[in-house]
Amino acid sequence: MLFSRASGILLHPTSFPNQFGIGDFGFQAYGFIDFLTESKQKLWQVLPLGPTGNSNSPYASYSAMAGNPLLISPELLYKKGFLAQADFTNLPQFLNETVDFSRVIATKMPMLQKACDNFKANATSFQQQEFSEFCDSQAYWLDDYALFMALKDAHNGANWNAWEPEIAQRKPEAIKQWQSLLVDEIFYYQYLQFEFFCQWSDLKRYANQRGIQIIGDIAIYVAHDSSDVWAHPENFCLDKQTGEPALMAGTPPDYFSTTGQLWGNPVYDWKQLEQDNFKWWVQRFQTMLNYVDLIRIDHFRGFQAYWAVKQGETTAINGEWIEAPGVAFFELLKEKLGNLPIIAEDLGEITPEVYALRDRFEFPGMKILQFAFGEGLQADKRFLPFNYQSNCVVYTGTHDNDTTVGWFNQLKPQTQEEVLKYLNCTRELEIHWDLIQLALSSVANQAIIPLQDVLGLGTEARMNFPGKNFGNWGWRYQSGDLTQECCDRLRSMTEIYGRA
């Protein structure tokens, strides 16, 4: 699908400032959309919005279709009457610069439980009807997810395949028994999803009314410990005895890693999915398109062929490429949904077959300006703007990259000189604005800038260090950071380069 010329900002909602230690869908989110409107942006890109596990990674979620309850705004629950002013007293002093996830969970989840109790006791008939209609319309994923989360709590957080065999294997009698035992807990998880999607839908509506589209993000793989794998084991390559992944996802060795990347997610049983007319995948896209306007597919190349590593391997070296039915899937998806508003993350070692799949459906690929410069083989001239086709999305960097200021400061002096020479600059004081200008002035139909680059922040504001198991996903901006000067400058560039 071809997109009109536009620009926007990459920012995950956890990065909003507020008093609760983590960004959410409250008043600061609406203020950010006002900033986008005033600076003439048309796009807001987020990371996956699902409920995160122990790693706090948006790409390792307990569900491919549920929302993260930590993004629910207590202020909006107070506005609806489900929290009282007293519930906001004695809140701990959170860090403003980053999310302390353990303290946030310890503080926020009891507030959400209290809101649930108040909803159950005091909801109006109209609110009860809204809740009932939500549960009915989303039952195809919500029933499994709410039971799964209640079961995890009942088993002290253990992975589903460590539960008693009867419930791990979803025996009908065990399902009925646990459903009757966990009525209140199941209601709680249904209620959290109801409030999440009520708040998100209101926020999205506010953005759309101001001409801003939201780009969501689909991680191609789901976590092994997720309601999706527990509820639909037939869709995944699992060991029938242990429930562990029989084939694990990852990437092969390359220039950046001699052992490749072993992610550990179970790969899909694409033959089974195809026999079922890709029902689960179609539902996943339909669900997501109810709540976002465009979708970025992470690791798009996995729809053409995927790297599969057998159970027991400790690195990704001994894997193999297995072809996936990407053409058949996207043809069916197009038949079901019409034109597909999809962006393909086509980074890394990409083959002509992957490009052919992308281009067959006119999906724009991604161009990362930072990748165009570097030492030795790290510099990839495909990412310089004079090599772009218009049907692509250009980024200064992504959530997996350093900020532009941090990236530039870590380059060798000679490489810094090469960057400045290409940009026709004699100073490095505003390298972030120079790269933003390069992105906005390019022929790429869409340009997305991480907010950290608009603010000119360094490595301390980086969102993720791939391969690092702790300290990620926590960056937050400050309430005074979205200055009028910053807004005016971004708007001016956006107008000059025809993206307003």
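Colleague: Leaving aside its neighbours within four places in sequence, which residues is phenylalanine 88 in contact with?

Modeller: This is a predicted model, in which local features need pLDDT of at least 70, side-chain atom pairs count only at pLDDT 80 or more, and totals for chains, interfaces and linings use all residues. Residues are numbered from 1 along each chain as its sequence is written, and side-chain values use heavy atoms, with hydrogens and water left out. With such neighbours set aside, phenylalanine 88 is in contact (heavy atoms within 4.5 Å) with Phe20, Pro74, Glu75, Tyr78, Leu83 and Met111. Phenylalanine 88 belongs to the loop between helix H2 (74–79) and helix H3 (101–122), where helices are DSSP runs of H or I with at least four residues, strands are runs of E with at least two, and both are numbered from the N terminus.

Colleague: Why does phenylalanine 88 count as buried?

Modeller: The classes are set by relative accessible area: buried is under 20%, exposed over 50%, and partly exposed in between, with a 1.4 Å probe and protein chains only. Phenylalanine 88 has 13% relative accessibility and is therefore buried.

Colleague: Why is glycine 498 called partly exposed, and why is asparagine 424 called exposed?

Modeller: Glycine 498 has 42% relative accessibility, so it counts as partly exposed. Its place is in the segment after helix H18 (484–496), and its C-alpha is 8.6 Å from that of leucine 440, although 58 residues separate them in sequence. Asparagine 424 reaches 71% and therefore counts as exposed. This asparagine 424 lies in the loop between helix H15 (413–422) and helix H16 (431–441), and its phi is positive, about 60 degrees, although it is not a glycine.

Colleague: How do you know whether phenylalanine 278 is buried or exposed?

Modeller: Its relative accessible area is 3%, so phenylalanine 278 is buried. Phenylalanine 278 is in the loop between helix H10 (270–275) and H11. Its phi is also positive, near 55 degrees, in a residue other than glycine.

Colleague: What makes H11 mostly covered?

Modeller: Of its 11 residues, 8 are buried. The buried residues of H11 are Trp280, Trp281, Val282, Gln283, Arg284, Phe285, Thr287 and Met288.

Colleague: Why are H4 and H8 described as roughly perpendicular to each other?

Modeller: Axes are lines fitted to C-alpha atoms, for helices over the stretch in contact, and angles run from 0 to 180 degrees between N-to-C directions. Angles under 35 degrees count as roughly parallel, over 145 as roughly antiparallel, 65 to 115 as roughly perpendicular, and the rest as oblique. H4 and H8 pack at about 100 degrees, with axes 10 Å apart, and the two helices are therefore roughly perpendicular. H4 contributes Gln127, Glu130, Phe131, Phe134 and Cys135 to the contact, and H8 contributes Phe187, Gln190, Tyr191, Gln193, Phe194 and Phe197. These residues divide into 7 nonpolar, 3 polar and 1 charged, where Ala, Val, Leu, Ile, Met, Phe, Trp, Tyr, Cys and Pro are nonpolar, Asp, Glu, Lys and Arg are charged, and the others, Gly among them, are polar.

Colleague: What makes glutamine 193 buried?

Modeller: Its relative accessibility is 0%, so glutamine 193 counts as buried. Glutamine 193 is found in helix H8 and touches Ala66, Gly67, Phe134, Trp141, Leu142 and Tyr145, not counting residues up to four places away in sequence.

Colleague: How do you know how the span of H5 stands against the span expected?

Modeller: The expected span is 1.5 Å times one less than the number of residues. Helix H5 (residues 139–154) has 16 residues and reaches 22 Å from first to last C-alpha, close to the expected 22 Å. Its buried residues include Trp141, Leu142 and Tyr145, and their cover includes helix H4 (125–137), helix H7 (172–181), H8 and helix H11 (279–289). Asparagine 156, with a positive phi near 55 degrees, follows H5.

Colleague: Which residues touch the most other members of the largest nonpolar core?

Modeller: A nonpolar core is a set of buried Ala, Val, Leu, Ile, Met, Phe, Trp, Tyr and Cys residues joined through side-chain atoms within 4.5 Å. In the largest one, of 168 residues, Trp44, Tyr191, Trp281 and Phe330 touch the most other members. Helix H8 (residues 183–209) gives the most to this core, with 13 residues. Phenylalanine 330 touches residues including Ile297, Phe300, Leu340 and Phe361.
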